[in-house]
Amino acid sequence: MTSLDIVFILVAVVTGGAAVMTVTSRNLVHAALFLGVTLAGIGATFLLLAADFVAMVQVVVYLGAITVLFLFGLMLTRAPIGRETLDSRNRPMAMVVSAALFGILVVLIVRAFGSNQFPATEPISSSVADLGMAIFSTWVFPFEVVSMMLLAALVGAVLLARRQSGDSGTETRVTPIREALDDSTEELDRAPAELGSGGER
Amino acid sequence: MLADYLPVLLLFVVAFGFVAASLGVSALVGPRRPNPSKLSAYECGNEPLAQVKGTRFSVKFYLVAMMFLIFDIETVFVYPWAITTADLGWFGFGQMALFLGLLGVAFVYEIGRGGLTWD
Amino acid sequence: MESTLVSWWSGFWPGLFTALLTFLVFLLTTALLIWAERRIVGLMQDRLGPNRVGPLGVLQTLVDGAKMFFKEDFTPGMVERVLFTVAPMLAVVVSLMTVAVIPVGGEVTMFGQTFTLVTADLAVGVLWLLAMGSLHVYAVFLAGWSSQSPYPLMGAVRATAQMISYEIAQGLAVAAVILYTGSLRVSDIVAFQATDSGLFPGAPNWLFLPLFPAFAVFVVGMVAETQRPPFDLAEAEEELVAGFHTEYSGMRFGMFMLSEFMGVVIQSAIVVTLFFGGPNGPVFGPGWLQGLLPVVWFLAKTSVFIVFFVLLRGAEPRMRYDKLMNLGWKIMIPVALVWVVVQAAILEVDRQWDGWTDGRMPALVGLGIVLLALAVTPMLRRDPTERTEAARSVARDLGPRRLPEKDDPAVQADTTPDTGRGDAPHTPPGPEHDHEEVGV
Amino acid sequence: MTDLTQFLPDIAWSSVAPEIAMTVAVVVLLLMTVAGRRRMWVATPMGLAIAGVGVALLVVESTSPADPSLPGLLAIVAGVALVALTFGLAGVPRALHAWIAGLGAGAALVLTAWQIFDVAWTGSLFAASTTMEGSVAMDGLAIFTRITVYLSTLLVLPIGFAYVRDRNIHRPEFEPLLLLSAVGMALLGAANDVITLFIALEVLSIALYVLTGSARRDRRSQEAAVKYFVLGAVASAILLYGFALSYIATGSLELPGIALGMADPGSPLRLLAVSMVLVLVGVGFKVALVPFQLWVPDVYEGAPTNVTAFMGAATKAAGFAAMLRLFVVAWAPLADLWVPIVAVLAGLSMAYGAWAALVQDDVKRLLAYSAVAHAGYATIGIVSLSDAGLSATMWYLFTYAITSITALGGIIAIERRNHRAVSISDLNGLGRTSPALAAVMSLALLSLAGIPPTLGFEGKLGVFTAGMLSGLTWLVVLGVVTSVVSAFYYLRLMGAMFLTDPAPDAPVPAYSHGWNAGVTVAAGLIVYLGLQPSILLDLAERAAVLAR
């Protein structure tokens with residue numbers, strides 16, 4: 001047990017506990033916040049692995065952006081802000097599967113590396129400059145494809161979030177296609193005036 | 001490297017101690033006289049009407065968060081590039097320009113489609 | 001690995017010292033800011049501001065803070081109790097953590113040890129600032145959501161959207177800084193600015209000049225991040241009462257006020273560190289003075305920006321929310337983004353060009369931009385008569401207005417409204433409260 | 001001052017030339033949407049820029065005036081065509097968008113052909129190489145996947161155009177997302193390291209999730225999108241977990257490097273086995289192998305039919321390309337382990353798909369289950385672990401893509417007039433009311449069933465032969481049996497079309513020029529390549545070369 005181990009165990013317990021709370025919490029906002037704690041814990045783990053840039057990125061992107069996106073998404077929906085159950089009957093099954101997967105992975109990873117530890121040298125230099133060089137030499141192509149992915153995500157978000165003219169779908173039964181025809185036509189190049197016909201409430 | 005973070009931890013302890021002490025002392029010495037109007041939601045003296053549960057916000061906020069996420073990722077990529085641009089030269093510049101260019105198209109698109117038009 | 005533990009503990013006392021020092025410096029500066037703000041805004045509004053406690057009323061903040069302890073800190077019935085308490089704590093803790101990487105001075109020798117006056121000079125210091133900024137969002141959001149009440153929730157969502165919008169612009173402006181200095185470490189950035197810019201002998205290489213557009217974006221962003229006027233939409237009194245902390249009272253409310261004002265100090269400190277050389281400045285004299293002067297320079301520069309914040313609050317009317325978001329997304333982010341690319345190109349050309357500029361090109365371009373801005377700005381000024389007309393219509397809408405009782409300083413001295421509402425009827429926020437923030 | 005011996009990684013843009021063409025089309029489409037009526041202000045400079053790039057390529061790349069650079073010429077043509085289209089179709093923005101998307105896909109197809117003959121083809125064989133610092137493979141699999149994907153895109157665009165317009169679900173985002181998805185698929189086929197592979201997978205998935213839900217008022221479409229998204233996200237995460245484990249075990253992210261690390265006797269085999277299983281789950285989801293097929297029927301049914309056609313045809317090709325590359329290149333040293341597992345999955349898929357399709361009444365659901373069965377057939381080529389199997393899989397996917405687009409094209413025509421989901425009874429008497437449509441549908445169904453002399457027969461012949469050669473007799477026998485079973489329900493559809501009387505109020509299917517053109521080409525390909533498969537079959541056989 002070194003001091004590092006102790007810190008790691010603390011971080012791991014918090015992260016794991018928060019992860020469990022994320023999936024067991026019955027309040028969606030709480031779940032999202034626990035997810036935030038989990039992600040922060042992962043950031044702390046990165047820090048303990050001497051990857052401080054990645055740790056900061058973890059905080060900036062995952063905590064700062066993704067969880068906020070979740071929370072905004074929750075604010076967007078009508079129902080689940082309060083105490084709502086989100087249960088399905090598959091819960092026991094899911095628990096069995098994840099417990100089994102967890103067990104198998106733990107056993108295998110420990111078996112694979114249990115005896116031969118990685119040399120505890122000073123952590124390989126993970127300076128930001130090295131990272132930059134890696135991104136722009138070995139991984140330059142995936143880096144460019146990432147921009148394409150972000151483009152797809154944003155265009156998709158616009159398509160899904162953009163309100164169509166008319167009332168938004170309130171029908172509950174399976175809709176034959178005929179009803180979808182009732183929308184007034186959305187002109188391609190209509191001025192985006194009717195866009196946000198939604199106030200804040 | 002981790003030793004760098006010890007003072008940060010200490011600062012956290014100091015800050016947390018300060019906050020906890022302030023709140024604790026205030027809880028000890030402050031008065032406690034609850035009454036029904038204190039316990040209800042503040043709505044400028046009106047009877048509380050609106051229910052938070054069921055409040056929906058404009059989808060614009062979601063789009064803002066989405067854009068934020070995408071540009072956050074972009075910023076995260078810009079930093080390592082900014083550090084190494086002296087070594088990368090025009091090649092790195094070109095790659096980053098391409099990356100930012102595609103995201104720029106996404107940005108122009110979202111703005112142009114009114115994704116961030118508030119009304 | 002036990003050596004790690006030893007090296008950890010060897011850093012304990014210096015770490016604690018610098019941590020405490022940073023904590024105190026920023027706390028005291030914040031206290032002074034609150035006093036200065038009330039005095040300056042008072043002056044601008046033709047009244048005195050706090051002037052009773054201590055010389056010039058400088059101890060007013062302290063007294064207000066002490067008073068806060070004796071206020072009732074009640075918890076409304078519908079709130080999420082745990083988060084309701086966590087939110088204000090988070091606000092202050094995160095604010096204080098932000099300053100960990102900001103050097104408040106140079107090296108000093110005390111108690112036989114040499115300290116650098118920064119809590120932690122992290123290798124990813126600049127990112128630390130961003131990371132803490134994104135955590136600050138949570139304090140606001142949690143406060144608003146845990147209140148389970150309409151106004152706070154709306155205020156929180158607005159505030160969050162505003163903060164994240166300007167975070168991007170700020171992040172890109174910071175990217176320009178690291179592009180130029182080539183390091184994420186704050187001490188490197190400060191050291192870089194201590195070099196000679198070569199524009200004229202002795203001119204320090206403060207980055208606000210070569211990176212003027214980034215600097216401008218950063219300054220606008222910092223006002224928005226702190227949600228200070230004219231960008232204090234999230235707590236627009238007329239619409240949202242007090243924004244995300246409407247349901248708060250007593251010390252927990254005090255925590256939010258503290259973190260808001262501390263935000264002003266912190267953002268000023270950051271902008272000074274990144275664009276104005278931090279604690280750089282002429283150092284001379286005996287040893288103790290050499291240690292003290294950088295702190296003085298740092299505080300002096302920071303004060304300039306703090307005063308800027310205060311003047312802005314006193315002078316500018318609040319912006320509309322859509323305009324605020326438009327400014328952030330449609331002006332600030334494109335400017336910052338384009339500037340990063342332009343600046344990279346400038347630097348690259350400069351690197352390859354062996355001509356007379358010899359590394360001076362960014363500064364020259366920056367100078368050009370500043371001059372251009374100075375030349376163009378007067379042309380963009382709005383027609384003064386138009387403003388008057390607008391002001392007149394506002395005055396008409398507001399109707400007769402109670403003038404501040406300037407003759408009675410006692411009334412002005414303690415303008416802190418009682419936040420323990422329920423004890424006293426809450427005065428509906430009116431226009432005269434526009435510029436009357438609550439002291440801690 | 002830095003050392004100015006420039007930092008230049010190994011970058012060959014020619015290896016992704018088709019994707020560049022598609023991306024440019026996406027950018028043009030997005031900007032033109034924003035420009036609205038002022039679209040000329042976008043089209044003219046963009047067209048000029050594209051043509052300018054073409055001129056530059058001509059100048060730089062051409063070895064002689066007699067041997068001009070094809071991409072250069074193409075770019076000039078495309079640039080001019082862009083401006084001309086914008087002029088010519090000024091009043092019909094939707095058609096303009098579809099045409100520009102088609103232009104992009106067409107250019108991509110031409111560039112793929114150029115890649116085959118100018119870049120990848122040495123002597124009589126494909127040369128396998130990698131570029132982009134090892135991220136992109138330039139080999140037969142990559143190029144053949146491109147052919148399938150871009151051809152599918154090119155066919156789906158006109159076939160579905162009038163359909164989305166009539167259903168009023170056309171959005172200007174539609175074509176860009178379709179193209180982006182196609183780019184992701186093509187890159188998935190070319191990815192030679194797991195990071196590129198994963199990101200390409202996400203590009204295609206994100207675009208497809210949104211396209212699936214693009215019928216905003218149709219609850220089934222929304223439901224399909226959510227199901228597809230949730231299950232797809234989980235599958236992606238599992239895939240990523242598999243990659244992470246293989247990285248732990250081998251220390252490499254590049255597929256050949258993973259294989260090398262695996263071949264090392266000291267490598268942790270159990271861990272690698274788990275990573276293999278996780279990867280299998282991930283890609284199995286994308287290609288819809290049993291037991292990861294749960295999403296298929298609902299998504300096929302709910303998605304707009306043209307999206308279904310695209311998804312069924314192109315995603316399958318891309319997913320199998322990734323699966324091929326992952327298993328045949330990276331996990332090759334563990335072949336003893338995965339071949340039995342994957343073979344069983346293939347068998348299950350064929351059996352389950354055939355069985356479940358028997359009882360379906362909704363034609364789209366029926367075709368969804370048949371897609372599961374077809375995934376099983378295509379997998380036979382993979383588990384054959386031979387060059388013949390490799391080319392058989394590629395070829396099979398091509399034949400399936402064309403065939404399923406034709407079949408779903410037929411459904412599109414009926415659905416456009418019907419305005420609701422097409423059940424088998426809707427086909428009643430189609431042979432009498434619309435003989436042409438019935439003929440095309442029958443052709444597609446025969447091809448799906450694998451009846452000679454259609455394209456589908458050639459495909460099945462290929463995989464079954466490869467399976468037999470590799471000694472997978474039981475799998476081939478199962479394949480033949482399930483083919484016979486599946487022939488039953490395909491014939492049931494044909495029976496409905498030709499042997500029953502039309503309902504008195506049966507609406508007449510709707511056609512459009514685009515639909516006519518697309519379906520005619522697809523049906524023509526089924527017949528022509530069914531009779532004369534050698535052109536592409538040769539290509540597929542020679543393309544059985546993987547960058548390792």
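Predicted model: local features only at pLDDT ≥ 70, side-chain atom pairs only at ≥ 80, totals over all residues.

**Chain B.** I read along the sequence of chain B and wrote down the pattern α-α-α.

**Chain C against chain B.** Next I asked how many residues of chain C are in contact with chain B. I found 72 residues of chain C in contact with 59 residues of chain B. On the chain C side, I listed the elements that give two or more residues to this contact: helices H1 (2-10), H2 (12-44), H3 (60-69), H4 (81-98), H6 (150-181), H10 (250-275) and H12 (321-352) of chain C. I then sorted that side of chain C by class, and got 47 nonpolar, 16 polar and nine charged residues.

**C:Leu209.** I stayed in chain C and picked one residue. C:Leu209 sits in the loop that runs between helix H7 (186-194) and helix H8 (212-225) of chain C. Is C:Leu209 buried or exposed? I counted 21 other C-beta atoms within 10 Å, and the cut-off for buried is 20 or more, so C:Leu209 is buried. I wanted to know what it touches, leaving aside neighbours within four places in sequence: the contacts of C:Leu209 are C:Ala363, C:Gly366, C:Leu367 and C:Val370. I also took a distance to C:Phe275, which is 66 residues away from C:Leu209 along the chain; their C-alpha atoms are separated by 8.2 Å.

**Helix H6 of chain A.** I turned to chain A for one helix. H6(A) covers residues 140-161, which makes 22 residues, and it reaches 32 Å from its first C-alpha to its last. The expected value at 1.5 Å a residue is 32 Å, and the helix is close to that. I counted 21 of the 22 residues of H6(A) as buried, so the helix is largely enclosed by the rest of the structure.

**Chain D, overall.** Chain D has 21 helices and four strands. Its radius of gyration is 23 Å, close to the 24 Å that the globule rule gives for 548 residues, so chain D is as compact as a globular protein of that length. I noted the spans of its C-alpha trace along the principal axes as about 85 × 60 × 45 Å. Of the 548 residues in chain D, 63% are buried. I looked at contacts in chain D with a separation of 6 or more, and residues 24 or more positions apart account for 80% of them.

Between them, 32 residues of domain 1 are in contact with 31 residues of domain 2. On the domain 1 side, helix H1 (17-35), helix H4 (93-120) and strand E1 (121-122) of chain D each supply at least two residues. H4(D) gives the largest share of that side, 15 residues. By class, I have 19 nonpolar, ten polar and three charged residues there.

**Helix H10 of chain D.** My last stop was H10(D), residues 269-287. This helix has 19 residues and reaches 26 Å from first C-alpha to last, close to the expected 27 Å. H10(D) is mostly covered, with 14 of its 19 residues buried. Just after H10(D), I noted that D:Ala288 takes a positive phi of about 65 degrees.

How values were computed
Residues numbered from 1 in each chain as written. Chains lettered and ligands numbered in written order. Buried ≥ 20, exposed ≤ 12 C-beta atoms within 10 Å, placed from the backbone. Contact = placed C-beta atoms within 7 Å. Nonpolar A, V, L, I, M, F, W, Y, C, P; charged D, E, K, R; others polar. Expected span 1.5 Å × (residues − 1). Rg over C-alpha atoms; globule rule 2.2 N^0.38 Å.
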